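This briefing covers a strand arrangement and the packing of helices. Please read the points below alongside the model.

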Amino acid sequence: MSTSDKAREKYEPIRTYLGMEYQLVGAKLIPEKDETTDISKYERPTARKYYCQMVREAGTGQHVVATLEDIACPNAELALSLRQPKYVNIPSMIKDPTRAVIIGPIEDADVVLFIINPKQAMHLALLLGGLSAEFKGDVAVCGEATAQVIVEGMPNMTMLCNGARMYGGYSDCDTVVGVPPFMMDKILEKVAEKQNSA
Amino acid sequence: MSDNEIKVDKKIDIRGEVCPYTFIKSKLAIEGIESGGILQVLVNYAPSAENVPRSMEMEGHEIISVEPSGEKEWTITVKKK
């Protein structure tokens, strides 16, 4: 069993408790200055795809590593710092340029993404002791659930963007919550408490 | 090259639109002109001024310029491949 599978197994009670359809998805940004991380052990997407689409597909077990050449959405390129602005000064939340994004494994992830419906998000909020939903319907899974959570170190919920629903394959009922990995053990403890008191 | 020196074949105003409609409307607009023709796109959202050109480049078109054309407005000039 790989370390990624061990982490996934560890947090499976959270997924079961929430009744999630999708698996938990980890996302890890590999900075350009990190020349030691070997990304060749991960599969590349078969075609250019939206980042949010790759996240949803990772929720069904399709883990990939994506570079700039693999991303079809200019918003995600910028949000994840895979590309720097060329025409207008809109700085990325992620300061260091990114070489690649590993999408899927929980182990060593920078953010854990929950693809859940509003009722499941309500239960997750109870486990977290509160959950902010700072979103504006644009740059959603890439920005609001990934980059923002990595930078601010706080969970955030996004109601997604049109791109996620048109190209990413998300349903009207789907939302995505990004959670900093250091909070996962606390969520697990809360789930155990709930189950023990039931 | 200034806009005054360019013969613009088509202009679209997509102020108020966000991704992906900015991309979709720009792509549909450029489909309607001949190769080598010029499309101008008016946007009023900074990410659109960055990302519409990028999406056009991804389609192989040439970005002639991205110029401020008002407070929080930009005109993107694209040459069709």
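Chain B contains an open sheet of four strands, ordered β1-β2-β4-β3 with mixed pairing. The model is a predicted one. The points below treat this sheet and then a helix pair in chain A.

**Sheet of chain B**
- The edge strands are β1 (10-13) and β3 (62-70) of chain B, each of which pairs on one side only.
- On average, neighbouring strands of this sheet are turned by 15° against each other, with direction ignored.
- Strands of a sheet pair through backbone hydrogen bonds, in either a parallel or an antiparallel sense.
- For β3(B) and strand β4 (residues 73-79) of chain B the sense is antiparallel, over seven bridges.
- Within this pairing, Pro68(B) stands opposite Trp74(B), a residue in β4(B).

**Helix on the sheet**
- Helix α2 (residues 46-58) of chain B packs on the sheet and touches β2 (38-43), β3 and β4 of chain B.
- The direction of α2(B) makes about 5° with that of β4(B).

**Helix pair in chain A**
- Helix α5 (residues 118-128) of chain A packs against helix α8 (residues 184-197) of chain A at an angle of about 100°, and their axes are 9 Å apart.
- Because angles of 65 to 115 degrees count as roughly perpendicular, α5(A) is roughly perpendicular to α8(A).
- From α5(A), the residues Leu124(A), Leu127(A) and Leu128(A) meet Ile187(A), Lys190(A), Val191(A) and Lys194(A) of α8(A).
- By class, the contact of α5(A) with α8(A) has five nonpolar residues, two charged residues and no polar ones.

Key. Residues numbered from 1 in each chain as written. Chains lettered and ligands numbered in written order. Predicted model: local features only at pLDDT ≥ 70, side-chain atom pairs only at ≥ 80, totals over all residues. Heavy atoms only, no water. Pairing = 2+ DSSP bridges. Helix = DSSP H or I, 4+ residues; strand = E, 2+ residues; numbered from the N terminus. Axes fitted to C-alpha atoms, helices over the stretch in contact; angles between N-to-C directions. Contact = heavy atoms within 4.5 Å. Parallel < 35°, antiparallel > 145°, perpendicular 65-115°, else oblique. Nonpolar A, V, L, I, M, F, W, Y, C, P; charged D, E, K, R; others polar.
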